[in-house]
Amino acid sequence: EKADNLIQQFLKGLNDKEVDDMRMIFGICDIDIIVKGVFNILLDELTDPFYLFQAYSIILWYCTDYYYYASVIVIITLISLIISVSETYRNLKQIQKMSKYSCPVNVYRRNESNEITVNNISSIGLVPGDLYEIPDDGLSLPCDTILIKGSVIVNESMLTGESTPIIKLSLSNNNNIYDTKNIESDKHILFCGTKIVQKRSLKNQKTMGIVYETGFKTFKGNLISKHKKISGY
């Protein structure tokens, strides 16, 4: 997609039908993690080969009259199981709290008369292709965004671990092909979860962006998905 075509295509905003279609395809703009209950986590732990082996060993020791030894192993296993379940549940709740985020945004959309209107909505209602104003300083980005007006200084430490502020520049209106997979494109993309340090724009102009990815499709959502797969939940 040529950069100038991209900008012109989305500067008019989406209409209601386009928003509904995009929401059906991509869902809401939120990373909603369903945390398993303590009982379900306990069942998952009990089916672990280690605990199955412990159960078999305990039964064997009881059958061979090793009552005291088997009882000690039962107590140690139960304590270990309780600690493991509680830590897993607490970690999942922390991930859920960290991933779920929304903020008020001004989004530009077309009404039935094909006129551009400004609507103040929760960021959960954003869909890919939406034109919206970048949130105020101090807030985090609710989605991956292509910056098309103004410049923004962001803190990406949440995603990269680097505390040095990064300057993001607006996408130039030129004839270059815009490829989001190109490493150079990162200087135009505001990633979900990064915190806005400062916005800069020309006089009487808003700092604007186009929603690029939402939910688990974002850079932040992808990291959380990988973490869940590694942890097994």
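How many bridges join strand β6 to β9? Here are some notes to read beside the model.

1. Some ground rules. This is a predicted model, where local features need pLDDT of at least 70 and side-chain atom pairs count only at pLDDT 80 or more, while totals for chains, interfaces and linings use all residues. Numbering starts from 1 along each chain as its sequence is written, and side-chain values use heavy atoms, with hydrogens and water left out.

2. Back to the opening question: five bridges join β6 (residues 151–155) to β9, and these strands run antiparallel. Strands here are DSSP runs of E with at least two residues, helices are runs of H or I with at least four, and both are numbered from the N terminus. Two strands pair if DSSP finds at least two bridges between them. Across this pairing, Ile153 stands opposite Gln198 in β9.

3. Now the sheet around that pair. It is open, with three strands in the order β7-β6-β9 and antiparallel pairing. At the edges sit β7 (166–168) and β9 (195–200), each pairing on one side only. On average, neighbouring strands of this sheet are turned by 25° against each other, direction ignored.

4. On to the helices. The axes of α4 (residues 49–63) and α5 come within 9 Å and cross at roughly 160°. Axes are lines fitted to C-alpha atoms, for helices over the stretch in contact, and angles run from 0 to 180 degrees between N-to-C directions. α4 and α5 are therefore roughly antiparallel to each other (that label is for angles over 145 degrees; under 35 is roughly parallel, 65 to 115 roughly perpendicular, and the rest oblique). The residues in the contact of α4 with α5 are ten nonpolar, five polar and no charged. Nonpolar covers Ala, Val, Leu, Ile, Met, Phe, Trp, Tyr, Cys and Pro; charged covers Asp, Glu, Lys and Arg; the others, Gly among them, are polar.

5. Compare α3 (residues 38–46), which packs on α5 (residues 67–99) at an angle of about 125°, with the axes 10 Å apart. That makes α3 oblique to α5. On the α3 side, the contact (heavy atoms within 4.5 Å) is made by Val38, Ile41, Leu42, Glu45 and Leu46. By class, the contact of α3 with α5 has eight nonpolar, two polar and one charged residues.

6. Thr214 lies between β10 (208–213) and α7 (219–231). Thr214 counts as buried because its relative accessibility is 2% (buried is under 20% relative accessible area, exposed over 50%, partly exposed in between, with a 1.4 Å probe and protein chains only). Leaving aside neighbours within four places in sequence, Thr214 has contacts including Phe26, Ile28 and Cys143.
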